[in-house]
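Please look over the sequence and structure below.

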Amino acid sequence: MAGLAPRVQYLAGFRCPLEGLRAGRPRVLRRGEEIFLSTGSELVYVYGREGALLSAVYAFPGPVWHLEVPARRRALYALCARRGIYCLSLEPASRSVSRNGGDNEDGEPPHPVIPVGPHACVLPDTTLCAFAVLDSMLVTLAQGPAQWKVQLFKCPCPGEDARPRGLIGEVELFTYTPPPGSPEGPRAPHFLPVLCCVLPPGSRDLHGLLRDPGGFTLEGALFGLLFGADASLLESPVILCGLPNGQLCSVVLKTLVTSRSAPGDPKALVKILHHLEEPVIFIGALRTEPLTANVEDTSSDCLVALGHHGRTLAIKASWNEAGNLVPELREYCLPGPVLCAACCRNGRVYHSTPSNLCVVDLARGGAHRDPKPPSGSPGGLPSLLCPANLSVCSVVTLSVSSSVPEGGTELLALSAKGRLLTCSLGLGAETLHPAGVTAVNAGRKMKELLCGIGTVSERLSSLKKAVDQRNRALTCLNEAMSVSCALLSRREGPQPIACAVTTSWLRLGLRDLLTATCRLEYGSSVSLDRGWALCIQVLAGPHASELGAAGPAVTYTVPVDRLSPGGRQEVVLPLGPGEDGVLELPVTVSCALFFSLREAVGGALAPSDSVKDPSLGGCPSDILPEQEGICLRLGEHTVDMLHSLRVPGPAAPRTQASGPLGPARDPVTTFLATCRRLGSEQTEPTSLRAKCLPPSVAAIRVSAELLRATLGDSYSGVSLCCATLQWLLAENATADVVRAQALSSVQGVAPDGSDIHLTIQEVAVTDLCPEGPIQAVEIQVESPSLANMCGAHHAVIRRMQRMVLEQAAQGSSPPDVRMQYLHQIQANHEMLLQEVQTLRDRLCTEDGARPCAVAERLLQVYRELRSPSLLLL
């Protein structure tokens, strides 16, 4: 078709947005010498071709999606978005003119503007997306929550009652997945559906319908093959629907009329002809076979449908090898994306892309065809379509105006910039049957084909990459689900994923650091891939002056390297002392596994630029917040004074005989006398107390039977005192000396360098049980540093509490005790606590030498509270 030489004429310009008109919404129609045009806004223009002037402008209440000007009616039907269908009479006497401005881009005088009021609305419906006028019928297509609905109404004539006379019939099309919309209703479709009417040959309504752009007639053979014998026998018009999801379906009009009086299966009323798998842009019909001489036939023998990406469907009646008449379907791939299309009866289809206006020829003898069929039988469809460029770009709507006397075609077109154009195509004999393909044309065609192959290959590679990303993301999500189920299931025995914490001292330069080693042991059945991290929180204990307050916390996040089943990963963290040389104990180390959704699946949800398509809804950029993920707790471990204790060797011999705990001399008196003796010497308070005051002592007594039940056979072969000391220091890295020498007392070094003495001895408690003395074990903690003694004492009590809870869970019961003895101990402690409160109040109100006596009594009460006469049973 190299001989095509279009002659383009500019008619008028109309207002449009800066980014240009959007394809799918504008419409252009011609009736006689008048051209009706909509740009997708609220205005509909009537342009007089003869005078080359605007004759009227109709201002509708909303954006206009579709126009119809039936040939038999002097009326204009318009579909307003989310409002309904409006009907206006085109008689000159009915045009009420209001001159209130215009849209002429050349600054000409204002043209008449006719406002359209609510009284012109013949069918108010916010869900309507398309309609067609068929003589006295009005066919609509509405968008439901999850289905499309075809409805049939009686159409009013101009001058009659403006409202439709009632619903005649309706049917719901197949379900679809609606796009997300507002709570009030579904969002407007990105692509509007296509609706047109098909008549069988010989219909009485044929003459009027053929002059409407939304209707055509088909040959009897093709009509019967497509729509069935019932439609042919009833001579019923058929409604063709092209949906945004690619479905091409049909509804026989007369069966729709009777569906209300004789309800049946709705699915029997709807027939799916084909699925283009892309939004349907255009449905039309044309003639591919030449007519016999002296035969006037206005029917078409080929049905054509075009999709947004260029997929084209052609259906024609053809003979098979057995001699039966069957529908022949062929799919072609034309350049896309397709903005609009039109066809004429000479076998040519015109379609517009953003870069060009193209034409393809389906007529017999005008395209590459398969071998010619036998004489007298209908020919087949061409095997290949070769588009020819007409050098007109950015056309958003097309309409075949009329045929010129020489046999050519005139197209009405509206460009994206709002320019109304006519394109006259004069087709001579040499154009209809072009000569052989030249080498230049063949080379250019091969170049275009190779370029298309490269584009398809690049898109295929991008799509494969996107599919691989989604597969990896699904694998990560499957791993996360399996790990979560393994950790959250409350089954007995060891967990498949655990994090053990051990402590040790490390020499770093001139400083000694206490470190915690967190060892992640992975025993699940799937591997840990990307997106996982081990989160470790170190929470220091509160200061003495901030009882009950949370201490400082530090969180470490370590990415988990690919862990296979049975693998492990270790992380070493410093616990202190800090720059000030102070190590706050106890320290809580909490471990958790964190799975980041953004890192694992974020890339799969954000498509690359190479695979973006305007017909696809974009993925929101904030679909996954930055911190969103899954956190699975693995447990927590408390590091206390017994973990940090360094044990160089056995304890030094004690000069003090073992017996009831108590200081050899009054500590307050000794402390005050030492201060007076030293005078103005510059001595640190801690070292001064260590040199001059006796060590602080605390003790706790535990039933020997309770200890034996807890220790079991793990410490067989050693005495109960040795086994108890080994159990207390079981998690201390330097406790090998205790285990090797079977010690019952040990002297260790605290983090600040002061000594801590642990002594385990067996005692008998005689006043508690009426049955006789109870064998017990006394654990004594001694240190010149009051803070270190308190820390070690708390560590021992914490282990005893855990031991008592474990034994209570096993159902062990304590022996009978004298309740009067326990009540007396409780009363003594309550009196001591009241005395402490009284002494504190006196310290706040008295001055001079009196506070020394108060401090002395406070220290005595403190020692009595630290060494109670209670026994853990």
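Arg-30, Glu-33, Arg-49 and Glu-410 are joined in a network of salt bridges, a salt bridge being a side-chain nitrogen of Lys or Arg within 4 Å of a carboxyl oxygen of Asp or Glu. The model is a predicted one: local features need pLDDT of at least 70, side-chain atom pairs count only at pLDDT 80 or more, and totals for chains, interfaces and linings use all residues. Residues are numbered from 1 along each chain as its sequence is written, and side-chain values use heavy atoms, with hydrogens and water left out.

**Salt bridges**

- The structure holds 19 salt bridges.
- Side chains of opposite charge can pair when their charged atoms come close.
- Arg-287 and Glu-219 meet through their side chains in a salt bridge, at 2.9 Å from N to O.
- That pair links distant parts of the chain, 68 residues apart: Arg-287 lies in the loop between β20 (280–286) and β21 (302–307), and Glu-219 in the loop between β16 (215–217) and α2 (220–227).
- Arg-287 is buried, at a relative accessible area of 10%, where buried means under 20% relative accessible area, exposed over 50%, and partly exposed in between (1.4 Å probe, protein chains only).
- Glu-219 has a relative accessibility of 24% and counts as partly exposed.
- In the salt bridge of Arg-507 with Asp-512, the closest N and O atoms are 2.7 Å apart.
- Arg-507 counts as exposed at 52% relative accessibility, whereas Asp-512 is partly exposed at 27%.
- Arg-633 and Glu-636 form a salt bridge with an N to O distance of 3.8 Å, and both of these residues are exposed.

**Aromatic pairs**

- The count comes to 4 aromatic pairs; rings of Phe, Tyr and Trp (its six-membered ring) pair if their centres lie within 6.5 Å, and planes under 30 degrees apart count as stacked, over 60 as edge-to-face and the rest as tilted.
- Phe-14 and Tyr-45 form a tilted pair, with 4.6 Å from centre to centre and 50° between the planes.
- This pair also links distant parts of the chain: Phe-14 is in the loop between β1 (7–13) and β2 (27–31), Tyr-45 is in strand β4 (residues 43–48), and they are 31 residues apart.
- Phe-14 counts as buried at 3% relative accessibility, and Tyr-45 counts as buried at 1%.
- The ring centres of Trp-532 and Phe-595 are 4.9 Å apart and their planes are at 45°, so this pair is tilted.
- Trp-532 sits in strand β33 (residues 532–540) and Phe-595 in strand β36 (residues 587–596), distant parts of the chain that are 63 residues apart.
- Both Trp-532 and Phe-595 are buried.

**Cysteines**

- The disulfide count is 0, a disulfide being a pair of cysteine sulfur atoms within 2.5 Å.
- Cys-80 is in no disulfide, and the nearest cysteine sulfur, that of Cys-121, is 7.9 Å away.
- Cys-80 is buried, with a relative accessible area of 0%.
- Cys-16 counts as partly exposed at 24% relative accessibility.

**Fold and surface**

- The protein chain has 17 helices and 43 strands; helices (H or I, at least four residues) and strands (E, at least two) are DSSP runs, numbered from the N terminus.
- Of the 873 residues in the protein chain, 44% are buried.
- Helix α13 (residues 720–728) is mostly covered, with 9 of its 9 residues buried.
- The buried residues of α13 include Cys-721, Cys-722 and Trp-727.
- Among contacts in the protein chain with a separation of 6 or more, 62% are between residues 24 or more positions apart, a contact meaning heavy atoms within 4.5 Å.
- The protein chain exposes about 44,300 Å², of which carbon and sulfur atoms supply 55%; accessible areas come from the Shrake-Rupley method with a 1.4 Å probe, and for residues only the protein chains shown count as cover.

**Confidence**

- The mean pLDDT of the protein chain is 77, and 74% of its residues reach 70 or more; pLDDT is the predictor's confidence in each residue, from 0 to 100.
- Residues 205–211 have pLDDT below 50, and this stretch has 18 contacts in the model beyond near neighbours in sequence.
- Residues 652–665 stay under 50 in pLDDT, and the model has 18 contacts for them beyond four places in sequence.
- Where pLDDT is low, the predicted coordinates should not be read in detail.
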